[in-house]
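Here are my notes for you, written to be read with the structure open beside them. Have a look at the picture, then go through the points in order.

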Amino acid sequence: MRNVFIVINALDEDDNVILVGNPLRNKKIEEMFYKIVEERLGKSQQSSAKED
C-alpha cells in the first residue's frame, strides 16, 4: 500500500493561513474546513435543499 499525504492549506484574502491539515485523517480539520467554506462562500444549494 502506498502512503498518500494530503494537506489542505486555506488562505484568507490577505494570504494569511487560516487552516492547515489533512481532512481525510482528522475529523476536526474536516469540520473546520467545511465551516470555513460555508462562512466564506455560503452553503451550497444542494445542502440547503436537503435541509428543507
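This is a predicted model: local features need pLDDT of at least 70, side-chain atom pairs count only at pLDDT 80 or more; totals for chains, interfaces and linings use all residues.

1. D12 is buried, yet it has no salt bridge. The nearest side chain of opposite charge belongs to R40, and that is 5.0 Å away.

2. D12 itself sits in the loop between strand 1 and strand 2. If you leave out residues up to four places away in sequence, D12 touches I18 and R40.

3. Now look at E13, which is in that loop too, between strand 1 (8-11) and strand 2 (17-21). Buried or exposed, what is E13? Its relative accessible area is 63%, so E13 counts as exposed. E13 does form a salt bridge with R40, with the closest N and O atoms 3.2 Å apart. This pair links distant parts of the chain: E13 is in the loop, R40 is in helix 1 (residues 27-41), and they are 27 residues apart. R40 has 46% relative accessibility, so it's partly exposed.

4. How many salt bridges are there by this rule? The count comes to 3. One of them joins E30 and K27, at 3.5 Å from N to O. Both lie in helix 1, 3 residues apart, which is about one turn of the helix. E30 is partly exposed at 24% relative accessibility, while K27 is exposed at 54%.

5. Further along, E39 and K35 meet in a salt bridge too, at 4.0 Å from N to O. They are 4 residues apart in helix 1, so about one helical turn separates them. E39 is exposed, at 57% relative accessibility, and K35 is exposed as well, at 52%.

6. Last, the aromatics. A pair of aromatic rings is described by the distance of the centres and the angle of the planes. The structure holds 1 aromatic pair. The rings of F33 and Y34 have centres 5.3 Å apart and planes at 75°, so this pair is edge-to-face. F33 is partly exposed, with a relative accessible area of 26%, and Y34 is partly exposed too, at 48%.

Terms used: Residues are numbered from 1 along each chain as its sequence is written. Side-chain values use heavy atoms; hydrogens and water are left out. Rings of Phe, Tyr and Trp (its six-membered ring) pair if their centres lie within 6.5 Å; planes under 30 degrees apart count as stacked, over 60 as edge-to-face and the rest as tilted. Buried means under 20% relative accessible area, exposed over 50%, partly exposed in between (1.4 Å probe, protein chains only). Helices (H or I, at least four residues) and strands (E, at least two) are DSSP runs, numbered from the N terminus. Lys and Arg count as positive and Asp and Glu as negative; His and the chain ends are not counted. Contact means heavy atoms within 4.5 Å.
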